[in-house]
Amino acid sequence: MNNTYLRWYLLPLYIISMVFYMGCNNPQPQNSITTTIQDTTLRTVPESVTSDTLSHGDISFGLFNATRDQIIVIDDEEPPIEDYDKIKHTWINEQSYKLDFVKVQKESDDYNGRQTPDNFDNVPGAVFKLAAKAKPGDAYVLLCSDSFLKSRKALKIHNNVAYATKSSLVTELKKTYGRSVTNAKLIATTAQKDSIFLAQLAPVGDSLTVVLVTKPLTGKNLLIQEFKAEYNEMSTWRVDDGGEFPMEDFTILNAFEHKGKIELVTSFPGAEGGDLTFLTPGKNNRYHIVKESYVYWSPL
């Protein structure tokens with residue numbers, strides 16, 4: 001009788017042990033938690049890229065006042081700069097102007113959200129004074145620290161738009177993407193004869209892709225930044241663009257040679273505002289965004 005009770009007592013323990021053993025020795029299917037972890041890992045930026053990231057502390061975007069002797073930082077989508085004294089220069093094309101930090105300006109009661117020269121005194125942000133009044137140019141500029149300049153050479157940019165549908169670039173893009181090119185324009189060149197293009201690829205359904213391409217004078221690799229959108233006959237890329245990418249409005253503010261490749265500062269305006277972006281080449285010769293800011297200027 002005692003042996004019978006003992007067998008009934010040990011049987012459940014035996015079953016539990018077998019289930020546990022089988023679970024440990026058989027591979028389990030991946031669940032959604034595992035997939036999420038893998039996706040996060042895949043999107044991690046390599047250390048080799050982040051170690052050269054210049055955001056927040058070393059580069060910023062700014063707005064000139066009407067007399068072009070002061071600049072206010074407009075990095076409204078970024079954490080504020082902690083050390084304003086690090087910012088020492090601003091750029092108009094390839095020309096650098098020295099800066100001195102003046103104050104942190106508070107938002108005034110008359111601030112209407114528009115970041116324009118005539119609204120300069122109402123915009124919140126860090127204010128810098130130029131050592132010499134800047135020559136005429138775009139209202140929005142790149143600001144940088146001394147360390148930014150140590151490994152970079154500023155390149156003079158010529159913004160001249162010309163049709164480029166017969167350029168060898170079109171052939172190269174067809175090979176790269178396996179799609180035809182419906183429109184291509186040369187939008188800028190550097191003083192050392194590097195070429196910068198915008199090209200629109202043939203659509204895939206309602207999906208559209210425009211690529212910004214830097215074709216260096218030396219070297220075989222194209223440097224590419226993609227702009228993707230879903231077609232809208234009214235506003236695909238910008239408000240009221242009629243479904244067409246506004247290539248003539250896209251501007252290269254600055255170019256820098258860094259580690260043998262070309263970095264770009266771009267201005268992409270629209271009817272109500274525009275984007276300022278600092279691009280640097282990353283893996284596979286694709287540009288990645290180091291820093292960007294949106295500027296709002298919609299008329300009243």
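Which residue stands opposite lysine 129 in S5? Aspartate 100 does. The model is a predicted one, so to speak of local features a pLDDT of at least 70 is needed, while side-chain atom pairs count only at pLDDT 80 or more, and totals for chains, interfaces and linings use all residues. Numbering runs from 1 along each chain as its sequence is written, and side-chain values use heavy atoms, with hydrogens and water left out.

Strands here are DSSP runs of E, at least two residues long, numbered from the N terminus. Of the 6 residues in S5, 5 are buried, meaning under 20% relative accessible area with a 1.4 Å probe, protein chains only. S5 pairs with strand S2 (residues 70–73) in the antiparallel sense over 3 bridges; pairing takes at least two DSSP bridges between two strands. Glutamine 70 has lysine 129 as its bridge partner in S5. Strand S4 (residues 95–105) also runs antiparallel to S5, joined by 6 bridges, and here valine 104 is partnered with alanine 126. Zooming out, 6 strands close into an antiparallel barrel in the order S1-S2-S5-S4-S3-S6.

Then there are the cores, sets of buried Ala, Val, Leu, Ile, Met, Phe, Trp, Tyr and Cys residues joined through side-chain atoms within 4.5 Å. The largest nonpolar core holds 23 residues, and Leu212, Phe245, Phe250 and Ile252 touch the most other members. Apart from it lies another core of 22 residues, including Ile72, Phe120, Leu142 and Val295. Beyond its neighbours within four places in sequence, phenylalanine 250 is in contact (heavy atoms within 4.5 Å) with residues including Ile187, Leu198, Phe227 and Thr266.

Terms used. Buried means under 20% relative accessible area, exposed over 50%, partly exposed in between (1.4 Å probe, protein chains only). Helices (H or I, at least four residues) and strands (E, at least two) are DSSP runs, numbered from the N terminus.
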